[in-house]
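Morning, everyone. I have one structure to walk through today. Have a look at it first.

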Amino acid sequence: MDKVLMLLLQALQVARLGNELVAVLKPTVDELLKDGRLTPEEEAAYRATYTEYRATSPQTLLEPQWRIDPDPLTPESTP
Amino acid sequence: MKKLIASVAVIVLLAGVAVQPVFLSGCASTRQLSDTGVYAGDRVLFTAEAVTPTTFKFVNDFLAFETRNRTELWTLSHDIKHFADKLRAEFPAQKQRADELHDIYAATKAEGDRVKLADIIRILENITIEIISYQAEAAQRGIK
């Protein structure tokens, strides 16, 4: 599956379809293809990200994008 | 999980979705854990700590995307706002539940708590996939 995915990514690059996306996805694909174990430092980085999420996410929930607004008016709902 | 990530990556590529890098970098590695790392080989705890912040960021960015493009998206389909509103209403409780189950399992390491944590993580992963499908729909109409 990993090799198939890599071939697909290469094909997409050749076809110039979504080059930016390929660039963004590459780290994940690289990670999937890595062998061996995570190092203690890599695990510590995951822990640090999680700790930051726990500290900051409650505040994020108060931001405007989390507010439920009424649906926009549509022509059929306009009086 | 490895297949899931790979499948999502393919779907995302084919759909041309503008995926946030955080989603990709935050996916749980499928590599083995270190015996001496902070997770001490506990795969469920590691996956929870990798997936939860990633999903939260993904949901938050999707809601910002929906807010920013609401008029255009509403014209395209009412389903996207309604799905976003469902997330607004339900996701905070799901996030809180995931955080609580993480803390409980981290403290007890009990099998029953491990199963509960794994179940909520699966729910979060499914939310991410659902978001991708909506973003793909929008991207196909040129809204990114």
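Start with a question: leaving aside its neighbours within four places in sequence, which residues is B:Ile131 in contact with? Keep in mind that this is a predicted model. Here is the list: B:Phe58, B:Val59, B:Phe62, B:Phe83 and B:Leu87.

Now place that residue. B:Ile131 sits in helix H6 of chain B, residues 111-140. Is B:Ile131 buried or exposed? Its relative accessible area is 0%. The cut-off for buried is under 20%, so B:Ile131 counts as buried.

Take one partner, B:Val59. Along the chain, B:Ile131 and B:Val59 are 72 residues apart. Their C-alpha atoms are separated by 7.6 Å. What does B:Val59 itself contact, again leaving aside neighbours within four places in sequence? From chain B, we get B:Leu87, B:Phe91, B:Ile127 and B:Ile131. From chain A, A:Trp66.

The largest nonpolar core has 39 residues. Which of them touch the most other members? B:Val59, B:Phe62, B:Leu87, B:Leu117 and B:Ile131. H3(B) gives the most, with twelve residues. As background, nonpolar side chains in soluble globular proteins tend to be buried together.

Next, H5 of chain B. It runs over residues 78-108, which is 31 residues. How does its span compare with expectation? At 1.5 Å a residue, it should span 45 Å. The end C-alpha atoms are 44 Å apart, so the two values agree. There is still a bend along the way. H5(B) has a kink of about 45° at B:Glu90.

Now the two ends of H5(B). At the start, a side-chain oxygen of B:Ser77 comes to within 3.0 Å of the backbone nitrogen of B:Asp79. After the helix comes B:Lys109, with a positive phi, near 60°.

Last, chain A. It has three helices and zero strands. Along the sequence, the pattern reads α-α-α. How many residues does chain A have, and what share is buried? There are 79, and 27% count as buried. Its accessible surface comes to about 5,400 Å². Of that, 61% belongs to carbon and sulfur atoms.

To close, go back to B:Ile131. It is buried, and it is among the core residues that touch the most other members.

How values were computed. Residues numbered from 1 in each chain as written. Chains lettered and ligands numbered in written order. Predicted model: local features only at pLDDT ≥ 70, side-chain atom pairs only at ≥ 80, totals over all residues. Heavy atoms only, no water. Helix = DSSP H or I, 4+ residues; strand = E, 2+ residues; numbered from the N terminus. Expected span 1.5 Å × (residues − 1). Bend = angle between axes of the 7 residues up to and from the residue. Polar contact = N/O pair within 3.5 Å; in protein donor to acceptor, adjacent residues only side chain to side chain. Buried < 20%, exposed > 50% of the residue type's maximum accessible area, 1.4 Å probe, protein only. Contact = heavy atoms within 4.5 Å. Areas by Shrake-Rupley, 256 points an atom, 1.4 Å probe, with all protein chains shown as cover. Core = buried A, V, L, I, M, F, W, Y, C linked by side-chain atoms within 4.5 Å.
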